[in-house]
Amino acid sequence: PFIHFDCHGNSDGIGAVRLDKTEVFISWNDILDRFIEIYRASKKRLVINMSSCEGFNATKMVAKGKPCPYDHVFGSFEKIGFEASFQAFSKFYKAIFEGMEIFDAGVLIHNDAELQHLNFMAINSYTLFNNMIEKYKEEELSLEKLTARKAFLLQELKKTYPSPNKTQLE
């Protein structure tokens, strides 16, 4: 299923207008739970299209220990206007309706000379997870971090076993 947002946005979430015309800000964390509910009910991951400023930040909707509710995210890191966004998404949907794969349609828009200033991006969950794994490895598996983790674990071990033997220390 496709979900298309045409709204205001920034790096922290989106702005929406309720039926009573009041405005509300929805953080990426808040909306994540709603998308997970849709995913669980439909058993299908979503294609989330963000026609908003900085909408590609929807990729932040991946939380440790929670299912990823989307298969693809399409949006921009930039502040974008309605006309340009409309033009980009019109071309995107036209390409999909003509049989192009979702990711390929995103690449088409990203590379379109008339739309390159929008910096539209498309990513699938597989690529996103691989990027996150690599970032985790870079940040958390450095010699410094591993040494600190080992020291912490040894302290915890000594709380349980005040005089650990050689095997326990290894």
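**Close-up 1. Phe82 and Phe86 both lie in helix 2, four residues apart, or about one turn of the helix.** Helices are DSSP runs of H or I with at least four residues and strands are runs of E with at least two, numbered from the N terminus. The model is predicted: local features need pLDDT of at least 70 and side-chain atom pairs count only at pLDDT 80 or more, whereas totals for chains, interfaces and linings use all residues. Residues are numbered from 1 along each chain as its sequence is written, and side-chain values use heavy atoms, with hydrogens and water left out. Phe86 has 51% relative accessibility and therefore counts as exposed (buried, under 20% relative accessible area; exposed, over 50%; partly exposed, in between; 1.4 Å probe, protein chains only).

**Close-up 2. The structure holds 12 aromatic pairs.** Rings of Phe, Tyr and Trp (its six-membered ring) pair if their centres lie within 6.5 Å; planes under 30 degrees apart count as stacked, over 60 as edge-to-face and the rest as tilted. The ring centres of Phe74 and Phe92 are 4.2 Å apart with the planes at 10°, so this pair is stacked. Because Phe74 belongs to strand 6 (residues 70-76) and Phe92 to helix 2 (residues 82-97), the pair ties together parts that are 18 residues apart in sequence. Both Phe74 and Phe92 are buried. The rings of Phe82 and Phe86, with centres 6.0 Å apart and planes at 25°, are also stacked.

**Close-up 3. One aromatic cluster is formed by Phe2, Phe74, Phe89, Phe92, Tyr93, Phe97 and Phe120.** The stacked pair of Phe74 and Phe92 belongs to this cluster.
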